[in-house]
Amino acid sequence: MPSAKPIISSTCLRTRGPWLGGLSAIWLVALSAAAPEGRAQTIVPRTVPVQMSQQFSIIPSDRIAMGNVSIALDDPMMDPFVNPAKAVRVKTGVVSIAPYFYSQSEARGGGRSFPISGVGTLGKWAFGGQFATQQLDRTRLNWNAPLSEQSASNQYMTGIVARSLGRGFAIGASAYVASIGAQQGIDQLYSGSDRILQDGSASDTRVGLTRQWDEGKKFEAIVLRNSFAMTHDVHWPGGRVFTPPNSFTTVAERSDFFRDQTTRWGAHTEYVMPVGTQGWNFGVLATVNRLSHPKIPDYRINNVITVPRDPGHTNAFNAGVGMSRNIGKATFGFDVILEPISSTTWAEAERDTVTRRGVAIPRGGHTVDNKFRFNNSLMRFGFERMAPPTDSGSHFGFQFGMGVNSIRYRLWQTDQVRDTSRIQNERWMEWTPSFGLKFRSAGYEIHYTLTSTCGAGASCRPSFGFSGDDVTVAAPSSGGVIAAPTDALRFNGGRVTTQRLAFSFRIR
């Protein structure tokens, strides 16, 4: 039987591509649509437990079913798209087709995606690319909504070029653009609306550097810039609305138009080294992001009105350690990551305003200031039993893992007009169990992965069917959700079940 040659050279099997976070934990939980949920050179802040990252998980990954463990483990399917310099490590060309389908509980919509990607080398040069088309189901629709409002279409495209510089060095660059007709989770952020039409775009450019040593040590660094811009055309029906404690108010039908814009600069670095002679690897990472929010929508979340805001900015960091070990056919690893974030937003006066104390605020001055301080953390564990890629013949294996994302923040809110201030604390956890099957033979690999992310107030029971409370219609990430609520959140994040297939074919 012919030998099943590895897609990535054996010297690269312990390398580590950067991880996404979140909203994110949007893949680059952060803006690049090239990395799946759970990784992050980009860090996505969220003040509301809305699920947003599954939309951008468009690049095939070998570690999703292992809880996205990434610091001290390689991901040969994804690494070239996360750090373009790693494309030079591909020794045989590979084409991957990786459709996936996700659904959200309580009829909150879902999506289906069809990505095709490929990477190959030519001498010291390497090239890669990816194209994906995606359909998202919209929610909050009128019973007779036209077809154009029932679903939205998104398209993503990425290009990669890299070159080996010798002595273990490589450098690469990538560019990504997306046309986005809708963003996952936004329908849940305008409570009381019956129609939300979205339109926008995203882009990501990055330069990566890698360095390998003969003794197995590896270093990488990435700098990136990405942007995200969406418009939200929100329609509110008229009628009688309950007003606490026991009255009703008649409101008129209306439409609002909001912009959501974020620009991000980021830098990321990782270092991995072997430890001892028993197959252990140890890795560390560090990331810094600077986000500018020139436009932030005025959300209405479960009838909790968020304070109107105009500009804002966010400074986000993470630092993590990870370990992995190979024991025969078994591989396991874990990551521990801390993610401090600080964010400031404010509302600007549309006209000259006088405060309660009689102080004049000129047009454009701050009427409300919001300061957020996050202390997030992320833990991941994964296990795999599979024959090494260098083994000949056909092999069957399995993976399982768990990711736990803890989000905690404190909001300091000052109302300059009313001369009041308040402090609000919010916290929740998101659990993501995962399971996968793998089959590898000469010339191709097949992966199946099932994940279930349960947010605040949701059960982690995955849905395998296509009925019940899950609407199954089958990831750069967004700039996140920086909403400053005026009261305690009462938001059920729901459960998102994702099923994906990945077919990888080698081109000799």
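Which residues make the nonpolar surface patch of about 890 Å²? Hi everyone, let's start there, and please keep in mind that we are looking at a predicted model.

The patch is made by Val 284, Val 321, Phe 334, Val 336, Met 379, Phe 381, Phe 396, Phe 400, Phe 435, Leu 437 and Phe 439. Where do they sit? Strand 16 (330-348), strand 19 (366-385), strand 20 (395-415) and strand 21 (420-441) are the elements that give two or more residues to it. Strand 21 supplies the largest share, with three residues.

Let's pick one member of the patch, Phe 400. You'll find Phe 400 in strand 20. Its relative accessible area is 35%, so we call Phe 400 partly exposed.

Now for a residue with another setting. Is Thr 451 buried or exposed? Thr 451 has a relative accessible area of 5%, so it counts as buried. It belongs to strand 22, which covers residues 444-454. Beyond its neighbours within four places in sequence, Thr 451 is in contact with Ile 64, Thr 432, Pro 433, Ser 434, Val 496, Thr 497 and Thr 498.

My last stop is Val 354, in strand 17 (residues 353-354). Val 354 is exposed, because its relative accessible area of 57% is over the 50% cut-off. Again setting aside neighbours within four places in sequence, Val 354 touches Val 359, Ala 360 and Val 417 as contacts. How far is the C-alpha atom of Val 354 from that of Thr 367? The two are separated by 9.9 Å, and they lie 13 residues apart along the chain.

Methods:
Residues numbered from 1 in each chain as written. Predicted model: local features only at pLDDT ≥ 70, side-chain atom pairs only at ≥ 80, totals over all residues. Heavy atoms only, no water. Helix = DSSP H or I, 4+ residues; strand = E, 2+ residues; numbered from the N terminus. Buried < 20%, exposed > 50% of the residue type's maximum accessible area, 1.4 Å probe, protein only. Contact = heavy atoms within 4.5 Å. Patch = residues over 30% accessible without salt bridge, like charges linked within 9 Å, V, L, I, M, F, W, Y side chains within 5 Å. Areas by Shrake-Rupley, 256 points an atom, 1.4 Å probe, with all protein chains shown as cover. Salt bridge = Lys/Arg side-chain N within 4 Å of Asp/Glu carboxyl O.
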